[in-house]
Protein chains: 2
Amino acid sequence: MNNIMDGKKISNEILENIKQELKYELIKPSLAVIQIGNDPASEKYVKNKQKACEDVGIFFRHHYFEDNTSELTIINKIKELNNDEYVHGIIIQLPIPEHYNTKRLINSIINSKDVDGLTDINAGRLVNNKKTLIPCTALGVMELLKRYEIDLAGKEVVIVGKGKLTGKPLIEMFLQAGATVTVCHSKTNNLSSHTKTADIIVSATGVNNLIKQNMVKKDAIVIDVGINFDKGKQSGDVDFDKVSKVASLITPNPGGVGPMTVAMLIQNVMTCFRSKKK
Amino acid sequence: MNNIMDGKKISNEILENIKQELKYELIKPSLAVIQIGNDPASEKYVKNKQKACEDVGIFFRHHYFEDNTSELTIINKIKELNNDEYVHGIIIQLPIPEHYNTKRLINSIINSKDVDGLTDINAGRLVNNKKTLIPCTALGVMELLKRYEIDLAGKEVVIVGKGKLTGKPLIEMFLQAGATVTVCHSKTNNLSSHTKTADIIVSATGVNNLIKQNMVKKDAIVIDVGINFDKGKQSGDVDFDKVSKVASLITPNPGGVGPMTVAMLIQNVMTCFRSKKK
């Protein structure tokens with residue numbers, strides 16, 4: 001099928017370019033990942049990030065804290081990383097155990113190293129149309145559309161889900177690109193009335209098979225950000241087999257937005273690395 | 001007609017309550033307004049703000065700069081006001097002459113005194129669902145809906161215009177209230193296809209008579225934020241005479257959102273004043 005948006009392939013191209021660039025650097029860029037507690041999904045994501053970093057030549061620093069570590073201890077580590085000139089990007093692997101104040105921990109990361117784009121000031125800079133670090137999944141969605149040369153001005157875009165990692169930053173990015181944007185979510189009464197008229201649907205809910213064939217206009221572009229696991233098998237928000245018959249372009253899941261997210265994290269680290277070199 | 005949302009009356013109630021509260025204060029709250037150059041509309045808006053402040057008992061500080069003042073001089077004044085414990089709110093009257101960097105000037109205001117809610121960090125705090133200072137016009141729209149006891153969860157809201165003062169903050173506030181939000185603007189191809197199905201339309205474009213009767217669903221709520229002047233007479237984005245025949249609630253213009261904006265500015269100054277007292 002040639003309507004598949006091959007996130008894996010594009011991700012590999014981006015990562016390969018970065019790998020080539022880094023061959024000529026004396027000092028590697030460095031990403032610090034804070035992990036708290038033993039969430040199994042977090043464990044896996046941290047490993048994936050480590051592999052991606054090491055594959056391209058980014059130095060990976062893993063800072064693990066037991067679930068009972070005091071918030072102050074973690075914040076002190078973040079401050080140390082903020083001030084360490086050999087650290088270019090810092091992320092806190094989410095989710096973290098509930099008894100921590102996630103917002104406070106995230107906002108203790110200095111904006112210039114916030115490669116997940118989650119601090120208040122970086123979120124505000126995006127709203128205010130300034131150059132800033134943007135959450136990787138949202139960046140990955142936009143990069144996919146760019147690679148497939150989709151002109152967004154005047155397009156009808158429906159975003160399903162209003163989370164900070166995807167929905168919220170995508171509102172801004174699509175508006176800046178001139179699209180008309182509708183944001184749907186769990187309280188939306190008639191989701192299909194919106195999706196049916198959309199030129200582009202981005203679904204980021206984690207609800208399996210939410211987007212069905214009869215909810216999608218012929219030749220629409222469908223981007224599936226959701227991640228669900230059933231018996232170890234990954235699927236997304238979109239009923240891929242059927243929706244792929246009507247969509248002009250569609251992301252597989254896995255193999256679509258997921259690999260793009262990793263590539264965009266690496267790209268954000270590179271952005272910090274390059275801007276520090278200047 | 002009893003479908004008119006009487007912004008003037010509600011604004012007066014809010015201001016009267018603040019006036020009563022301030023009778024018992026030794027030291028007045030204080031608002032500092034930076035005005036640069038001689039824009040006639042700015043002149044008028046500054047006078048309106050001064051009157052509103054003085055009517056309720058807020059001390060008004062007017063800092064006027066000639067168009068040729070260096071940016072550094074103005075930023076130094078802002079820093080002085082940031083550090084002045086007797087100044088509770090600071091705003092820069094917009095628009096300012098084009099040769100200034102508006103974003104840089106605004107972001108030199110300390111977040112805790114940013115009563116226009118325009119700094120990057122305050123915009124980001126809103127996106128990240130934190131308590132923050134929010135732009136007055138957007139606050140005014142939400143306060144009107146609250147006073148008329150409109151339940152927003154699941155409502156179809158169409159915002160026309162994506163500016164920082166109204167459209168952008170309203171996206172966040174409506175999403176937080178559980179509404180489904182569509183953002184239209186000058187690049188939107190078929191505006192009426194969106195407005196026709198909306199439960200609530202907020203228009204903030206400054207395009208006279210943009211919203212016509214045949215674009216509005218029966219019993220929709222229509223909020224007109226636009227301001228246009230023709231031969232000295234103010235009108236809005238909405239064809240009021242005709243749209244008011246189909247809308248269940250509608251703001252007059254003038255007399256709707258305008259007075260609410262002033263009341264919300266005063267309320268933001270009070271928020272800063274009260275939080276400093278704690």
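Visitor: Which residues touch the most other members of the largest nonpolar core?
Guide: This is a predicted model, and its largest nonpolar core has 108 residues. The ones touching the most other members are Leu31, Leu145 and Phe174 of chain A, plus B:Leu31, B:Leu145 and B:Phe174.

Visitor: OK, and what is A:Leu145 in contact with, leaving aside neighbours within four places in sequence?
Guide: A:Met5, A:Ile150, A:Leu152, A:Phe174, A:Ile221 and A:Ile223. Nonpolar side chains tend to be buried together in soluble globular proteins.

Visitor: Switching topic: how is chain A split into domains?
Guide: The domain assignment gives domain 1 as 26-112 and domain 2 as 136-257. Their C-alpha centres are 29 Å apart.

Visitor: Now chain B. Is strand 4 mostly covered or open?
Guide: Mostly covered: five of the five residues in strand 4 of chain B, 156-160, are buried.

Visitor: Which way do they point?
Guide: B:Glu156, B:Val158 and B:Val160 go one way, B:Val157 and B:Ile159 the other. In a regular strand, side chains alternate between the two faces of the sheet.

Visitor: And what does strand 4 of chain B pair with?
Guide: One partner is strand 5 of chain B (residues 180-184), parallel, over five bridges; there B:Ile159 sits opposite B:Val183. Strand 6 of chain B (residues 200-203) also runs parallel to strand 4, with four bridges, and B:Val158 faces B:Ile201 there.

Visitor: Which helix goes with strands 4 and 5 of chain B in the β-α-β unit?
Guide: Helix 7 of chain B, residues 167-176, and the unit is right-handed.

Technical notes. Residues numbered from 1 in each chain as written. Chains lettered and ligands numbered in written order. Predicted model: local features only at pLDDT ≥ 70, side-chain atom pairs only at ≥ 80, totals over all residues. Heavy atoms only, no water. Core = buried A, V, L, I, M, F, W, Y, C linked by side-chain atoms within 4.5 Å. Buried < 20%, exposed > 50% of the residue type's maximum accessible area, 1.4 Å probe, protein only. Contact = heavy atoms within 4.5 Å. Domains from an automatic or database assignment. Helix = DSSP H or I, 4+ residues; strand = E, 2+ residues; numbered from the N terminus. Pairing = 2+ DSSP bridges. Right-handed = clockwise from strand over helix to strand, strands pointing away.
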